[in-house]
Amino acid sequence: MPLHPQHTYVRLADDGEALALPADTFWQLPASELAQHGQGWLVSEFAFTEDWPSWEMHPQGDEFVYLLSGAVDLLLEQGTNVVTIALNGSGAVVVPRGVWHTAKVRAPSRMLHITRGAGTETRPA
């Protein structure tokens, strides 16, 4: 069944099941259901025309960030330093679990993300 990752998230469970979830209502699910989906790997795609409004951190797993098009600077907080990784056109980064990160958009971009959602934290940029 075809799906569009900007409109549908996919949860990849440890048992091998792949479950499509509507992106427009995903974050409105009850906390218990969100927690269940957060135990698997969440695959999502987003389009960005502006810098991310917050930093995020995933304590349960690394995050695979794949730039499909555009240009971004991915900022990773490592101790007291912020490391900038420039991605242009396409490219990927693995953000280690527990590392705060955000993005500065240099050109309208599309990015694919794969991570465990459980326990994700955010803070203002």
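Leaving aside neighbours within four places in sequence, leucine 74 is in contact (heavy atoms within 4.5 Å) with Trp52, Val65, Val83, Thr84, Ile85, Val93, Val95, Thr102 and Ala103. The model is a predicted one, in which local features need pLDDT of at least 70 and side-chain atom pairs count only at pLDDT 80 or more, whereas totals for chains, interfaces and linings use all residues. Residues are numbered from 1 along each chain as its sequence is written, and side-chain values use heavy atoms, with hydrogens and water left out.

Leu74 also belongs to the largest nonpolar core, which has 14 residues and in which Trp52, Val72, Leu74, Val95 and Met111 touch the most other members. A nonpolar core is here a set of buried Ala, Val, Leu, Ile, Met, Phe, Trp, Tyr and Cys residues joined through side-chain atoms within 4.5 Å; buried denotes under 20% relative accessible area, exposed over 50%, and partly exposed the range in between, for a 1.4 Å probe and protein chains only. Two or more residues of this core are given by each of β5 (63-78), β7 (91-95) and β8 (101-116), where helices (H or I, at least four residues) and strands (E, at least two) are DSSP runs numbered from the N terminus. The largest share, 5 residues, comes from β5. Apart from this core lies another, of 5 residues, among them Tyr9, Leu21, Ala23 and Phe26. In soluble globular proteins, nonpolar side chains tend to be buried together.

The structure holds 4 aromatic pairs, defined for rings of Phe, Tyr and Trp (its six-membered ring) with centres within 6.5 Å, planes under 30 degrees apart counting as stacked, over 60 as edge-to-face and the rest as tilted. The rings of tyrosine 9 and phenylalanine 46 have centres 6.0 Å apart and planes at 65°, so this pair is edge-to-face. Because tyrosine 9 lies in strand β1 (residues 8-12) and phenylalanine 46 in strand β3, the pair ties together parts that are 37 residues apart in sequence. Phenylalanine 46 is partly exposed, at 31% relative accessibility, and its ring also pairs with that of phenylalanine 48, the centres being 6.1 Å apart and the planes at 40°, so that this second arrangement is tilted. Phenylalanine 48 is buried, with a relative accessible area of 16%. Ring pairs link Tyr9, Phe46, Phe48 and Trp52 into a cluster.

Strand β3 (residues 41-48) also holds serine 44, which is buried at a relative accessible area of 7%. Beyond its neighbours within four places in sequence, serine 44 is in contact with Pro5, Tyr9, Met111, Leu112 and His113.

Not counting residues up to four places away in sequence, tyrosine 66 touches Ser90, Gly91, Ala92, Arg110, Met111 and Leu112. The C-alpha atoms of tyrosine 66 and alanine 20, which are 46 residues apart along the chain, are separated by 20 Å.

In one of them the side chains of aspartate 51 and lysine 104 meet at 3.9 Å, N to O. Aspartate 51 lies in the loop between β3 and β4 (54-57) and lysine 104 in strand β8, so the bridge ties together parts that are 53 residues apart in sequence. Both partners are partly exposed, aspartate 51 at 36% relative accessibility and lysine 104 at 33%.

Another salt bridge joins arginine 106 and aspartate 73, at 2.9 Å, N to O. This pair links distant parts of the chain, with arginine 106 in strand β8 and aspartate 73 in strand β5, 33 residues apart. Arginine 106 is partly exposed at 42% relative accessibility, whereas aspartate 73 is buried at 18%. Arginine 123 forms a salt bridge with glutamate 77, the closest N and O atoms being 2.5 Å apart; since arginine 123 lies in strand β9 (residues 121-124) and glutamate 77 in strand β5, the pair ties together parts that are 46 residues apart in sequence. Arginine 123 is partly exposed at 27% relative accessibility, as is glutamate 77 at 24%.

Conventions
A salt bridge is a side-chain nitrogen of Lys or Arg within 4 Å of a carboxyl oxygen of Asp or Glu.
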